[in-house]
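Here is a short report on aromatic rings and a chain interface. Please look at the model below first.

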Amino acid sequence: MVEQRLEDWLEAGYATSFRTACLILGNRADAEEAVQEAFLRAWRFRDSLTSGPSIKPWLYRVVVNSCYSKLRQEIPHRDRRAGEGQLADLASSDTDPATLAQQSEVSETVLAALQRLPVSFRVPVVLRYYADLSERDIARAIGRRPGTVKSRLHEARRRLAEDPTMVTLADHAALDDSEEA
Amino acid sequence: VPLLDHDALGSLLRQAGDSFTVPESGIADTLRLVRQGDAERATRPRPDGDPGRPARTGLGRIGQAVGSHRPLSMAAALIALAVITGGAVVWGEAPPSVRQPSALQALPHTPAPSGRTHANASLPAGAGLALPFAAAVPPSYAATITGKTPASASTAAGAAAGDALESNGALGRPVRVEQTGSLTLLVARGAFSATVAKLASLVTASGGFVSGSHSQADQSAANGSVTVQVPESGFSVLLAADQALGQPSALTTTSSNVSRRYADLQNRLDVLLDSRQQYLALKTSTFAVGPLLSEQSTLDNLQSQITHLQGQLDALTEKTTYSTLTVTVKEAGATHHG
């Protein structure tokens with residue numbers, strides 16, 4: 001029963017947590033370790049978990065803390081300027097090579113822009129726009145007030161808008177979305 | 001100020017995030033590690049009742065408290081220092097009549113217990129046992145060694161207790177004494193072999209063994225030496241018995257109290273073993289490669305120090321468990337070369 005609960009957690013949250021950690025850390029290997037540590041930690045301290053709708057931010061809080069630990073402990077010892085191809089690890093798919101190349105370019109540009117943001121802005125952006133957490137849940141996950149989260153998100157969007165490549169990509173994305181709609 | 005569009009930013013981040021392939025074995029690996037960690041925690045005792053945290057020793061808990069309440073710890077340390085300093089000042093100002101002598105101060109002076117006691121005597125031919133081993137060490141000390149309480153006044157027992165306090169290096173631990181001695185015996189011509197055989201049988205009877213021997217014979221007489229290891233408690237008895245085998249001409253005994261050194265080695269070993277235990281506990285909860293390698297390196301280093309200390313401790317234990325006695329046997333008229 002208990003094992004089943006852990007498996008449920010993993011099935012439901014592993015993929016999103018892993019990709020969230022990838023976006024925060026910009027490195028696949030670090031993300032894998034961080035998420036593994038996060039789930040182990042979450043499982044070990046599961047008694048402190050209150051059931052209900054707060055499970056998701058609680059789990060994200062553990063993942064984010066694990067990412068912070070990675071950033072503090074290990075990554076400073078490495079060359080943090082990840083080379084091309086290190087950041088993006090495109091999923092193999094049946095997509096044609098041209099589209100794949102375009103996706104790769106988009107992903108690498110977005111990841112590079114994220115890595116240029118300070119961690120305090122990067123984490124709320126990833127939690128809001130990738131993990132789809134509300135500002136209140138982000139506040140719980142990072143242990144800050146909702147007002148702080150709001151202002152950080154605003155500042156992050158402003159900084160990302162200073163990057164012309166990001167603006168172009170955002171325009172294309174908005175156009176694609178409207179065409180699909 | 002222009003801002004990036006919400007929906008566009010969401011779309012871009014989803015695209016970037018989804019470009020990462022999720023490790024296929026990620027879930028299975030995590031489950032395996034969780035099960036492994038649970039199994040290890042289940043077999044480990046938890047004095048604090050917290051199932052999630054590794055067990056901490058008393059020092060570990062103090063360290064944790066100091067780490068998390070650093071300003072409070074510093075304040076507590078300053079207060080403790082002030083109390084100690086104040087106590088010392090009050091003690092220093094008290095008139096001599098008020099000062100209460102401590103148990104150790106009340107004891108009669110005895111030689112420094114951690115030092116080496118040495119006795120050397122050249123006995124004239126025909127003399128008996130002029131220098132028994134017990135005389136080479138303070139009476140209370142000898143009593144502790146042989147396990148006999150001197151039949152003298154009760155102060156002797158107090159002295160023995162005080163001496164044990166001083167010499168042990170740690171309360172509740174036995175006194176460790178390293179003893180060596182050498183004895184030269186003159187025997188009648190032709191009695192060398194029989195004397196050595198008797199000596200060997202005495203040693204065996206006292207629970208010891210012959211660790212080395214050397215002999216030589218010239219035209220007129222034979223001589224040689226036998227090195228024996230005997231249990232520390234039977235050393236003085238054997239020494240007395242050996243002297244009856246011939247005519248003692250020289251006797252040297254050396255006794256060195258190594259209790260403090262022994263206690264120090266034991267304490268250092270305990271600390272290292274405790275550290276190793278904590279690192280092992282930490283290792284079971286660490287799965288990142290970097291920290292894991294670092295912890296392994298620390299563990300290897302700790303193990304090396306533990307092995308080194310354990311070796312020293314074993315050697316010291318052997319030296320204090322068995323005393324070494326070298327008996328040189330000379331036939332009358334022989335010239336000793338060795």
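Trp9(A) is buried, and Trp43(A) is buried too (buried: under 20% relative accessible area with a 1.4 Å probe, protein chains only). This is a predicted model, in which local features need pLDDT of at least 70, side-chain atom pairs count only at pLDDT 80 or more, and totals for chains, interfaces and linings use all residues. Residues are numbered from 1 along each chain as its sequence is written, chains are lettered from A in the order in which they are written, and side-chain values use heavy atoms, without hydrogens and water.

Over all chains there are five aromatic pairs (ring centres of Phe, Tyr or Trp, for Trp the six-membered ring, within 6.5 Å; planes over 60 degrees apart count as edge-to-face). Trp9(A) and Trp43(A) make one that is edge-to-face. Trp9(A) lies in helix 1 (residues 2-25) of chain A and Trp43(A) in helix 2 (residues 28-44) of chain A, 34 residues apart (helices are DSSP runs of H or I, at least four residues, numbered from the N terminus).

Two side-chain distances:

| Partners | Value |
|---|---|
| Trp9(A), Trp43(A), aromatic pair | 5.9 Å centre to centre, 85° between the planes |
| Arg19(A), Asp18(B), salt bridge | 3.8 Å, N to O |

The rule finds one salt bridge across the interface of chain B and chain A (side-chain nitrogen of Lys or Arg within 4 Å of a carboxyl oxygen of Asp or Glu). Helix 1 of chain B gives the most to the side of chain B that touches chain A: 13 residues. In contact are 40 residues of chain B and 52 of chain A (heavy atoms within 4.5 Å).

Definitions and conventions. Phe/Tyr/Trp six-rings, centres within 6.5 Å; stacked < 30°, edge-to-face > 60°. Helix = DSSP H or I, 4+ residues; strand = E, 2+ residues; numbered from the N terminus. Buried < 20%, exposed > 50% of the residue type's maximum accessible area, 1.4 Å probe, protein only.
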